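This briefing sets out selected structural features, grouped by topic. Please consult the sequence and the structure shown here alongside the text.

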Amino acid sequence: MYKHNHKKADYLGRRDFLKFSIAAAASAAIIGSANSETVPAKSASRPNVLVIMTDQQSADTMSCVIGSKYLSTPHMDSLAASGVRFSRAYSPNPLCTPMRTSMITGRYPHQTRVETNIWWNPEIESHLCTFPFMGKTFKDAGFETAYFGKWHIPMNPAKYKQVHGFDIMRVDNSESVNPQLVAQFIKQKHDRPFMAVASFVSPHEVCEWSRRQRIPGDQLGPVPLLDALPPMRTNSQPPTGEADIITYMRKSYHALPAFPVGNYTDYDWRRLIWGYYRLVERADAYVGTVLQALRDSGLENNTVIVFLSDHGECQGAHGWNQKTVFYDESVRVPFIISFKGAISPGTCDVLLNTGIDLLPTLCDFTGISVPCGLPGKSLKPHALGQVPAWSRNYIVSQNYFAQGVALEDKILKPRGRMVRSDRFKYCLYDHGDHRESIVDMAADPGEMTNLASDPQFKVALKEHRAYLKEYAETQKDRTALNMLSALPNNVVPVGM
C-alpha cells in the first residue's frame, strides 16, 4: 500500500528511526506522569502540531497530482514532496459543519448528531459537550493551543472555551483568516509545544463564482477565451443506472438559486473550473505564508504538519457542483502528513476517514493518550512507512440532503451511507425504488456505471451490505441499520 517516490527502503533510516523512537518514548513517559491539570515542563522531544485546512478542495486539485498546465500549487506540492500523500482519504460527511464537528471530536456525524450545516442549536451544543475535543485533548497534555479561521462547528467558541480547549481563537464574522495571523503565532516565543489549526475558507468562494456573484476578497480577473479554459470533466454525465433518489435530488437542488447549474453550457462549466483552480491557488498562497513562518522560526523540523480539506467540489462531475454527494470529486479530499526528518516522502493508498482518523493520528505522533472510545485509527505507521498493527477492509461516509426543494408536490430529504473498500464503492439511501449503487472503482474511477443490478456483481453487493451492517452494529448507526432492513432479502450475515 505504501509507495515511495525514491528507490529507498520503506522504513526510516536507522539513525532517524532510533532518534524518533527515543523521542516518542520520552514523550510518552512525560505525558503519562502528568495529570490533566498539570502543564508538563518544556520538552523538545514532543513535536508541535500544525493542521492546515482548506474548504471545498477535491483530492486531486493540486499540481503535483494533475500537472501544472491549468493549476499551480507549489506550496501544497512541497508538503507532498516532503511527506506522505494519502490518495484515498474520504470525508466523514461531504459538508462543512458535519465534517468539521467530526474532525474536532473524532466521532462519526451520527454520533455527534451534526448531519447538516446547522447553527446555534442548544441541544446539539449540550450533546457536543460530552465529547473530548481536539483542543482540550492537547491542552490537557500541556500544549499551547490555537485555532485560526473558519470554525463552522455548532458551538459558540467564546462560551465553550473550556470544552473545545483552544486558548487562542481567531474566528471573525466572515469566517476567513489572514494567514499572517497564523504566521505571527508561529513566530512568537513558545515555552511549550503548540497545537494549531489554520482553517482557510478558500476555495469555498467557488459557490459565489458559480452564481456569478462577487466573490469574497480579491476578484479573479478576466476569464480567458474558451480554448484556454480547462476542459470539461470526462465524467460530466450522470452514471448509467444512477440511484433514482440521486437523479431526483439533482433536479431538486438545481431548482435552488444556490445551485444554478441546471442549464449550464460547456463554457459555463469550464469557466467554473477555471475559477475554482484560481481559488485553489489562493489557498495555496495562504499555505505558503504559514510554511514560510515555520521555516523562519526554525520550527519546520520539529512540527508535524497535516494538510487536508473538509470536502471537495464536484466541478461538473455527473452534472453537480458543490458537495454532499458521494461522488469522489465531492467526498475524497487531499490529506498529507509531513514531518521532516522522520517521514520519507511517498504516497499511500490506505483507506482513511478524515473525521475519525485525524485525532488518533495526532495523538500518536505526540505521545498523547487517545481519548477513550474513538472509532478511528492512527495513520502514523503508514506515514512512517511501517506495517501498522491494524488493518481495515473499508471506510464509511455519511450524507444528508437537507437543502432540496419540493418537486411534484413532495419534498424529500434523504440520507445515505457510502462504503468504500479497496476495489468498490457501495452507496445506500433511505429513499427511492432503486436505492443502491456499487461501482468498480478500479475499472471505472469516474463512477459512470452502477453495477447493483448486474448479476456478475451480486457477491460484491452482498459483501458490501455486510460491511455496512458490521459498521452500523459496531458504531450503533441506527439509520444505516434501518436502510439495510428496508432492502429485500435483508438478512445479511456479517462477514459474508
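A residue is called buried under 20% relative accessible area, exposed over 50%, and partly exposed in between, with a 1.4 Å probe and protein chains only. The model is predicted: local features need pLDDT of at least 70 and side-chain atom pairs count only at pLDDT 80 or more, whereas totals for chains, interfaces and linings use all residues. Residues are numbered from 1 along each chain as its sequence is written, and side-chain values use heavy atoms, with hydrogens and water left out. Helices (H or I, at least four residues) and strands (E, at least two) are DSSP runs numbered from the N terminus.

- Strand 8 (residues 303-309) is mostly covered, with seven of its seven residues buried.
- In a regular strand the side chains alternate between the two faces of the sheet.
- On one side of strand 8, Thr303, Ile305, Phe307 and Ser309 are buried, and on the other Val304, Val306 and Leu308 are buried as well.
- Two strands are paired if DSSP finds at least two bridges between them.
- Strand 2 (residues 48-54) runs parallel to strand 8 and is joined to it by seven bridges; Val51 has Val306 of strand 8 as its bridge partner.
- Strand 10 (residues 335-338) runs antiparallel to strand 8, with four bridges between them; Leu308 stands opposite Phe335 in strand 10.

- An open sheet is formed by four strands in the order 13-14-15-16, with antiparallel pairing.
- Strand 13 (394-400) and strand 16 (436-440) are at the edges with a single partner strand each, so one side of each lacks a neighbour in the sheet.
- From one strand to the next, the twist averages 15 degrees.
- Five bridges pair strand 14 (residues 415-421) with strand 15 (residues 424-429) in the antiparallel sense, and Gly416 has Tyr429 of strand 15 as its bridge partner.
- Helix 17 (residues 478-485) lies across strands 14 and 15, at about 90 degrees to strand 14; axes are lines fitted to C-alpha atoms, for helices over the stretch in contact, and angles run from 0 to 180 degrees between N-to-C directions.

**Helix 12**

- Helix 12 (residues 266-297) has 32 residues and spans 47 Å from first to last C-alpha, close to the expected 46 Å, which is 1.5 Å times one less than the number of residues.
- Gly298 follows helix 12 and has a positive phi, near 75 degrees.

**Lys377**

- Lys377 lies in the loop between helix 14 (354-366) and helix 15 (380-383), and is partly exposed at 34% relative accessibility.
- Beyond neighbours within four places in sequence, Lys377 is in contact (heavy atoms within 4.5 Å) with Ile356, Asp357, Pro360, Thr361, Trp390 and Arg392.
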